[in-house]
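Open the model in your viewer and keep the selection panel at hand. This tour goes stop by stop: what to select, then what is there.

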Amino acid sequence: MTLITDVRLRRILDSRGNPTVEADVVTESGGFGRAAAPSGASTGEYEAVERPPSEAIAAAREDAVPRLVGEAYAGNQREVDAALHAADGTDDFSEIGANSAVAISMAAAKAGADVLGAPLFQHLGGAFRGQNFPIPLGNVVGGGEHAADATDIQEFLVAPVGAPSVEDAVFANATVHSTVADLLEERDVPCGKGDEGAWAPSIDDREAFEIVDEAVSIVQDEVGFNIGFGLDVAGAELYDSDAGTYEYSDRSRDTDEQIEYIAELVREYDLVYVEDPLDEDDYDAFADLTDEVGDQTLICGDDLFVTNTDRLVEGIDRGAANSILIKPNQIGTLTDAFDAIELAAQNGYDPVISHRSGETEDTTIAHLAVATDAPFIKTGAVGGERTAKLNELIRIADDAT
Ligand SMILES: C=C(OP(=O)(O)O)C(=O)O
Ligand SMILES: [Mg+2]
């Protein structure tokens, strides 16, 4: 029933107005799945390769589609993803493009779920999933590679850890986002939004901490549950490898100073989550920071691990971080993403499922988070391509997908 009978690929727009790959997968019994690849801006050096969409589509049509149509079963995700790897023949999807690979992989999963008549999270995670929901990390202020003339730290994230439901959590994040706008207006700070819908004011990080901290405490009092605060430092983007320093607008920090700075921020703001505080090659520095504050907060590797089990094994061996960001397009297939999540969970690393700064209306990551019992999902706070995932979480909780 789930034998793949057709795979169609096309270019569609992403949220930045760039082209990206969309895939449709059809099965013998009429099952249908459609999915689209997201795209990063602050990409890790070790990510699978995203090819220009028209090239990725042409290569996938030539090499991957013949290995899927009439050959692979959409209900067997490992078989589909193995066919994608075999078609590509490299270890970084540089032939068919990780963008074609991930779109096909996710579309096949949806087609498999369609045939079964099951929600995607249940097809991926089994009958016992759907009771636990991830806490959404909402990006409310940002800069770095996601906005010009804004903060050095890429993302100031809200984490409604005490929310009684995913719906309450999603609305709390949106309320903090709008409260931040009120506080910026009171301070006469004009601003637009960055790529993920976070406010992108021309202020320094210190002022951003003050504002987000204030917004969080205002909303916390309003809603009556605990709201935490986190960061994606995107350390690799700040790091000057020649000088061995992290370059902020107002000063440089060497690696020891960077570790101390982040540890102080964790203590001062009681941060519940810190992503990529250090450079993507510096496992030792990640390990030192984890030693210092890993019992108080999540130290999450994004560019450090790039959803790659080999890099995660190295991190586990060296005690670097205690959490891994999971972005399916960093590694190219759902199977690879699942393997990274499983390895993480077996070793006490919390998996955090994530969007990219360039997104589409695709909702696969919402289902992936529920399917894998991930404690957090990072998928913005506002903006249609972000709310697509957040609203899908609300629908899953309402048994309405
Ligand atoms: C979502 C992120 O940004 P990008 O997609 O640009 O890598 C991130 O760095 O976590
Ligand atoms: Mg990141």
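## Two domains

Start with the whole protein chain: its domain assignment gives domain 1 (4–117) and domain 2 (135–397). Such bounds come from an automatic or database domain assignment. This is a predicted model, in which local features need pLDDT of at least 70, side-chain atom pairs count only at pLDDT 80 or more, and totals for chains, interfaces and linings use all residues. Residues are numbered from 1 along each chain as its sequence is written, while chains are lettered from A and ligands numbered from 1 in the order in which they are written.

Colour the two domains. Their C-alpha centres lie 27 Å apart. Across the boundary, 31 residues of domain 1 are in contact with 31 residues of domain 2. Contact here is set by C-beta atoms, placed from the backbone, that lie within 7 Å.

Now select the side of domain 1 that touches domain 2. β3, α3 (77–88) and α4 each supply at least two of its residues. The largest share, seven residues, comes from α4. By type, this side divides into 15 nonpolar, ten polar and six charged residues. The classes: Ala, Val, Leu, Ile, Met, Phe, Trp, Tyr, Cys and Pro are nonpolar; Asp, Glu, Lys and Arg are charged; the others, Gly among them, are polar. Helices (H or I, at least four residues) and strands (E, at least two) are DSSP runs, numbered from the N terminus.

## Val115

Stay with helix α4 and pick Val115, which is found there. Is Val115 buried or exposed? Val115 counts as buried, because it has 21 C-beta neighbours inside 10 Å. The scale: buried means 20 or more other C-beta atoms within 10 Å of a residue's own, exposed means 12 or fewer, and partly exposed is in between, with C-beta atoms placed from the backbone.

Show its contacts next. Beyond neighbours within four places in sequence, Val115 is in contact with Met1, Thr2, Thr27, Ser29, Gly31, Ala74 and Gly75. For a distance check, go to Ala340: Val115 and Ala340 are 225 residues apart in sequence and 27 Å apart in space, C-alpha to C-alpha.

## The annotated span

Select residues 130–400. An unreviewed UniProt entry lists them for "domain: Enolase C-terminal TIM barrel". UniProt positions are given in the numbering used here, feature names are shortened, and annotations may be inferred rather than shown by experiment. The end C-alpha atoms of this span lie 11 Å apart, and the span is 44% helix and 19% strand.

## The listed binding site

Which residues does UniProt list for "binding site"? The unreviewed entry names Asp232, Glu275 and Asp302. They are spread over 71 residues of sequence but cluster in space, with a largest C-alpha distance of 9.0 Å.

Zoom to Asp232, in strand β8 (residues 228–232). Asp232 is buried, with 28 other C-beta atoms within 10 Å. Apart from residues up to four places away in sequence, it touches Gln154, Glu155, Leu157, Glu275 and Asp276.

Step to Glu275, in strand β12 (residues 273–275). Glu275 is also counted as buried, with 28 C-beta neighbours inside 10 Å. Its contacts, neighbours within four places aside, are Leu231, Asp232, Val233, Cys300, Asp302 and Leu325.

Select β15 (350–354). Four of its five residues are buried. Strand β14 (residues 323–326) pairs with β15 in the parallel sense over four bridges; pairing takes at least two DSSP bridges between two strands. Ile326 stands opposite Ile353 in β15. β15 and β16 also pair in the parallel sense, over three bridges. There, Val352 has Phe376 of β16 as its bridge partner.

Just after α14, Asp373 takes a positive phi of about 60°.

## Last stop: a three-stranded sheet

Find the open sheet with strand order β9-β10-β11 and antiparallel pairing. β9 (239–240) and β11 (252–254) stand at the edges with a single partner strand each, so one side of each has no neighbour in the sheet. Strand β10 (residues 245–247) is joined to β11 by three bridges.

Notes:
Contact = placed C-beta atoms within 7 Å.
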